[in-house]
Amino acid sequence: MEELFMKRKFILNCPDDSLTLSKKTIFGKTFLWLVILFACAVVVRMICMAIYMANGLNPMELTSFGGDPTSHKIKKDYLWKAIFSLLVYAPLMEEALFRLPLSFKRKTVAIWVALIPIICAFYFHKCRVWYILLASVAVGAAIFYVVNRFTTDEQWEKWRSKYIVWAMWIAAISFGLIHLRAFSVLNLQILPWAIATILVPMAGGCAVTYARVNLGFFWGVLFHMLINVPGIFVIISGALAG
């Protein structure tokens with residue numbers, strides 16, 4: 001336990017723990033901070049709820065996180081698709097978009113910038129138009145060539161030493177903010193509740209970012225999958241209730 005607290009800085013300020021801490025300690029630190037941050041996020045959300053209720057409003061009646069649950073019936077086919085999306089598809093896509101470049105390696109960053117237009121078109125905007133996807137691939141390939149051709153490994157190593165902490169904070173915060181798009185209604189009245197709600201995925205994003213930087217990309221994907229597991233039980237319970 002003493003080794004677990006060797007570095008007391010916030011996890012997003014610890015990009016080089018892999019140099020001094022064992023993999024087991026990094027696992028422990030990730031889960032410890034995950035629990036702490038989740039608990040803090042839940043408390044903030046409860047306080048926010050209490051303030052709304054004190055003013056005669058129930059924010060959960062004004063908007064729904066994850067879209068309007070009455071907009072479709074959860075059928076068996078949809079259930080399996082939802083589970084696959086939450087457990088596999090979403091973690092892979094979101095980790096690729098938000099945390100793949102945190103290695104600060106030239107080829108990895110080149111792959112990341114090449115994937116951005118494709119992921120945005122296919123995953124976030126649900127685009128299935130072949131010529132738009134083809135154009136996204138062409139744009140991505142061009143960007144890949146530029147980054148791979150005109151930057152060097154040495155440059156990325158220097159940039160890592162300067163900007164890795166900033167990059168970790170940006171990745172975690174932007175991951176949380178992207179969840180604002182999951183609300184069925186989003187306006188100024190509901191914005192404080194929405195922000196309080198996305199603190200929960202943002203907390204997970206902080207832990208996953210730390211794990212990704214210190215253990216590797218696919219460890220980040222694994223942690224992301226584990227964090228999404230409770231959501232699967234919510235989906236199943238909703239299907240059974242339907």
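1. In this predicted model, R106, K107, V109, A110, I111, V113, A114, P117, I118, A121 and F122 of helix 4 are in contact with L133, S136, V137, V139, G140, I143, F144, V147 and N148 of helix 5, where contact means heavy atoms within 4.5 Å and helices are DSSP runs of H or I with at least four residues, numbered from the N terminus, as strands are runs of E with at least two. The residues of this contact divide into 15 nonpolar, 3 polar and 2 charged, with Ala, Val, Leu, Ile, Met, Phe, Trp, Tyr, Cys and Pro counted as nonpolar, Asp, Glu, Lys and Arg as charged, and the others, Gly among them, as polar.

2. On how the model is to be read, residues are numbered from 1 along each chain as its sequence is written, and side-chain values use heavy atoms, without hydrogens and water. Local features need pLDDT of at least 70 and side-chain atom pairs count only at pLDDT 80 or more, whereas totals for chains, interfaces and linings use all residues.

3. Helix 4 (residues 106-124) and helix 5 (residues 130-150) pack at an angle of about 165°, and their axes are 8 Å apart; the axes are lines fitted to C-alpha atoms over the stretch in contact, with angles from 0 to 180 degrees between N-to-C directions. Helix 4 is therefore roughly antiparallel to helix 5, a term used for angles over 145 degrees.

4. As for the protein overall, its secondary structure comes to 8 helices and 0 strands. Of its 242 residues, 40% are buried, that is, under 20% relative accessible area with a 1.4 Å probe and protein chains only. Among contacts with a separation of 6 or more, 75% are between residues 24 or more positions apart.

5. Apart from neighbours within four places in sequence, T209 is in contact with L12, R99, L102, M168, A171 and A172.

6. C206 also has its place in helix 7, and, with a relative accessibility of 9%, C206 counts as buried. When residues up to four places away in sequence are not counted, C206 touches F10, I11, L12, L37 and A172. The C-alpha atoms of C206 and A171 are separated by 8.3 Å, although these two residues are 35 residues apart along the chain.

Definitions and conventions:
Parallel < 35°, antiparallel > 145°, perpendicular 65-115°, else oblique. Buried < 20%, exposed > 50% of the residue type's maximum accessible area, 1.4 Å probe, protein only.
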